[in-house]
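Please open the structure in your viewer and keep the selection tool at hand. The stops below are given in the order in which they may be selected.

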Amino acid sequence: MNDPPHILVVDDSEANRDIIVTRLRAHGYQTSEAADGEQGLAAVEQNAPDLILLDVTMPKLDGIEVCRRLKGDTARPFTPIILLTAKSDTKDVVAGLDAGADEYLTKPVDQAALVARVRSVLRLKALHDRVQAQADDLAKWNRTLEQRVTEQVAEIERVGRLKRFLPPQLAQLIVTSGNESVLESHRREVTVLFCDLRGFTAFAEVAEPEEVMVVLREYHTALGALIDKFEGTVERFAGDGLLVLFNDPLPCPDPSIRAVQMAVEMRDAVTELAAKWRHFGHQLGFGIGIAHGFATLGCIGFEGRFQYSATGKVANLASRLCDEAHSGEILVDANVLSAVQALADVELRDELALKGFSRPVKAFNVRKLHG
């Protein structure tokens, strides 16, 4: 429950103070008293009243000057003032209102008028305090919003800098978490997809450089949209070759399924592009290799130029499977097959003798997905 309003009565007449205080207390108000202007100012500092009843004519410091000082202090919370003045002293009323007083009562004070004026002015204070609180809340919210905008701008700028040499997901993870330990070497089970264009080297030898750039731009644009869609991480791209990771740096459910789904959509997208390129005499195909296993991941490079890299047999296997894929084929290893065989139409390829692998590797071609 809120405390009742506190009213300070400043009057050099003890009899007047007693009458006013008795009536105010009868209506549940807290009160304090002062016998002159100087005592009144001290009482304001000590008690922080909600309302001041202030006599005009007092020794040492009159009510007009007390009112002027209180209202002139902009650091002080709004405190309404009711002047008490003799009926004939209308000039005091004008001077008091000019000094900032909010109301006035004439002496002798009518008790009913006293209570009515007090209630009216306290309602004014309550309204003022509510508006002030709302203004303070708005100012605080604006400061918080400004701070958030500043932080977000700084975060966007930092992400932009990190994206110059890190995959977008990794850059975002570092900025939002504030933790760069993800860049340290770690071991994780990942699915790796490697893809490139068939016939690109021969095409680049005979085509004009501008034609090569147009083809690469269309190719990267199409594949980049799908990588974003399936939330893969581009580990590297060089010319027409791209290596994409799943399950690192951010873990994801069913990384092999996600990689194969993306591969199928990549094949469809490049098939459409290849049809367009043939109109310009460019004979280009597309192959994909996918493998699943453990890799060591982390940043490699030198000051000012870093690359997030996957090292290990699984990355090499994906690259070698891609090398063996005919145009339109998606070759996967046995680990990927076990994850997707219920969802895909797969055919067994002959065991492949792959560079860097001492034993032949079983490979499977994903022809299409069910449903």
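Select Cys252 to begin: with a relative accessible area of 14%, Cys252 is buried, a term that stands for under 20% relative accessible area, against over 50% for exposed and partly exposed in between (1.4 Å probe, protein chains only). The model is predicted, so to speak of local features requires pLDDT of at least 70 and side-chain atom pairs count only at pLDDT 80 or more, whereas totals for chains, interfaces and linings use all residues. Residues are numbered from 1 along each chain as its sequence is written, and side-chain values use heavy atoms, with hydrogens and water left out.

Select Cys195 next. Its relative accessible area is 0%, and Cys195 is therefore buried. How many disulfides are found in the whole structure? The search finds zero, a disulfide being a pair of cysteine sulfur atoms within 2.5 Å. For Cys195, the nearest cysteine sulfur belongs to Cys322 and lies 6.5 Å away.

Now select Met266. Contacts here mean heavy atoms within 4.5 Å. Leaving out residues up to four places away in sequence, Met266 touches Leu193, Cys195, Leu223, Leu226, Ile227, Phe286 and Ile288. Along with Tyr219 and Ile290, Met266 has the most contacts inside the largest nonpolar core, which has 42 residues. Such a core is a set of buried Ala, Val, Leu, Ile, Met, Phe, Trp, Tyr and Cys residues joined through side-chain atoms within 4.5 Å. Colour helix H9 (residues 255-278) as well: with twelve residues, this helix gives the most to the core. Helices (H or I, at least four residues) and strands (E, at least two) are DSSP runs, numbered from the N terminus. A second, separate core has 23 residues, including Leu243, Leu297, Leu321 and Cys322.

Move to strand S10 (residues 305-311) and select Thr311 there. Beyond residues up to four places away in sequence, Thr311 touches Ala295 and Thr296. A distance drawn from Thr311 to Ser185, C-alpha to C-alpha, gives 10.0 Å, although 126 residues separate the two in sequence.

Is Glu347 buried or partly exposed? Glu347 is partly exposed, because its relative accessible area is 30%. Apart from neighbours within four places in sequence, Glu347 is in contact with Glu329, Ala363, Phe364, Asn365 and Arg367.
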